[in-house]
Amino acid sequence: MKTSNSITKKDLRKMFWRSLPMEFSWHYERQMHMGFEFMIEPALRKIYEGQPEKYKDALTRNLEFFNCTPHIAPFVGGITIAMEEMNAQQEDFDTASINAVKAALMGPLSGIGDSIMLGTLRVLAVGVGTSLAVQGNILGPILFLLIFNIPAFILRYVCSIKGYELGVNYLEKIQQSGLMSKFMLAASMLGVMVIGGMTNELVSVTTPLTIGGGENAPLLQDVINGIMPGLLPLCATGIYYYFLKKKVNVILLIVITAIFGIVCAQFGILG
Amino acid sequence: MEALLLALVAFIGKCDLATGTNMIQRPIVLGPIVGLILGDLEMGITIGATLELAFLGSVSVGAFIPPNVIVGGVLGTAFAIVTGKGPEVAFTMAFPIALLALAIDNVIFSLVRPLMAKLADNYAAKGNGKAVSVIHMCTGFITCTVLAIITFLGFSLGSAQMEAIVNAIPEVITNGLTIATGLLPGIGFAMLLQMIMNKKVIPHFFLGFLLSAYLGIPVVGIALFGIVLIFLSIKFTKDETQVQEVAVDEDF
């Protein structure tokens, strides 16, 4: 199973350091995808040494949408590396499962991560920090940074090492028992379910239109919510999906979206 | 000179995102540094704390981009110290500036960076991973530079002019971009779906969506439901002996 390309602890430590700028190039469309690629790129290069075609595919594949609490993102990175490694050693590996696993992990991990890092740790740090800083005490900002960052860095390091170990152990077991195809199906089920949930949560579009005129005209949005909340985000995602299937250029879609937004704001159709 | 140093503070503040999202961009940290530059450290600390509490909700969760606390925090603190008005006016200055900087952020996040990403796609397709890494870092540093320039100009112009500029941007443009930023994650999800969607799992997409839309179940809950559903619908059996062990392993 193991070949000379196997990932070592040193590579994982490198991934830890390279996970630091995770949010540095964040944008609305694919969010942390370049940060993710930046994190695992050296590992990918090592894994696919002598397999340039597979390496190209892996680079493209890992530039898909990614968003996660940055401090625990290396966990997903480790599991991804474990799967990529398996793909390098086998001809019939279903690469779609890599993105499915990523999609299945990023949502729940962000939910947990955001509540730990931003909901708990940051609030604690702000509480202690500001209570001192309000009096002009320089210890305030210093404690603020320490309270947040010591646990944050420990967590990030543990995630960097454990994600890969977990990936390798479980993947091998699944492989040996011949359950790989079922595992792939399970991963894609979970992946699309989570994306379904995120579509409703993160794509936001509402309309201020009213039905008919007059003071008490019913809001169209209320009517829509009565039928199906989140109908508009679902339609928007569906329309994007349709255009992407038709091979419409992504840049064009983004520019059209910006113009569409301004037009809708002008006429008060959305907002 | 002071304007240049403040620009540098904003630059370093934005580098927060290059050094592991460790909160150096927050007003409580940048405030004291601004205070040090303008010769009143203690006031900087106090104003930093005030702004920190005021901007408590301005933190990026999920795909939400808050008002820009870096430019808002640095200039708000600076104007409050320079005018000698103290913490009380810091927020009234900082908030509109943070909103203005947010509008610029939104242009970068919704137009400039996706274009950089497209460039990264091209290099990835050619197998040039190092170029992708360079683009990633450049994309970040360009934003740092933009924020530094805004801070520099903002401080040089002074507080009165800043307010006038903030008010001069047509509302239609800012509102329109806000609408667009709500829609754009849809493109990301659609791309992701294209890669992993197959006929067998179409219902699962809608199940996930409906659980969220009608029942308001958060993503963590949906994932847990998904895991249960997987065990209900897929039989992880090959030979009887291994069932238990593998089944447990499934839910990482």
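Q: Which residues are buried in H10(B)?
A: In this predicted model, the buried residues of H10(B) are His204(B), Phe205(B), Gly208(B), Phe209(B), Leu211(B), Ser212(B) and Ala213(B). Buried means under 20% relative accessible area, exposed means over 50%, and partly exposed lies in between, with a 1.4 Å probe and protein chains only. Helices are DSSP runs of H or I with at least four residues, numbered from the N terminus.

Q: How far apart are the end C-alpha atoms of helix H10 of chain B?
A: They are 20 Å apart, which agrees with the 20 Å that its 14 residues (202-215) should span at 1.5 Å a residue. The expected span is 1.5 Å times one less than the number of residues.

Q: What follows H10(B)?
A: Gly216(B) follows, and its phi is positive, near 65°.

Q: Before we move on, what rules apply to the numbering and the values?
A: Residues are numbered from 1 along each chain as its sequence is written, while chains are lettered from A and ligands numbered from 1 in the order in which they are written. As the model is predicted, local features need pLDDT of at least 70, side-chain atom pairs count only at pLDDT 80 or more, and totals for chains, interfaces and linings use all residues, with side-chain values using heavy atoms and leaving out hydrogens and water.

Q: Changing topic, how many disulfides are there over all chains?
A: The count is zero, where a disulfide is a pair of cysteine sulfur atoms within 2.5 Å.

Q: Now the interface: how many residues of chain A are in contact with chain B?
A: Contact, meaning heavy atoms within 4.5 Å, involves 121 residues of chain A and 117 residues of chain B.

Q: What area is buried between chain A and chain B?
A: About 10,500 Å², with carbon and sulfur atoms giving 76% of it. Buried area is the accessible area (1.4 Å probe) that two parts lose on being put together, summed over both.

Q: Which side chains meet in a salt bridge?
A: Those of Arg30(A) and Asp121(B), at 2.8 Å, N to O. A salt bridge is a side-chain nitrogen of Lys or Arg within 4 Å of a carboxyl oxygen of Asp or Glu.

Methods
Helix = DSSP H or I, 4+ residues; strand = E, 2+ residues; numbered from the N terminus.
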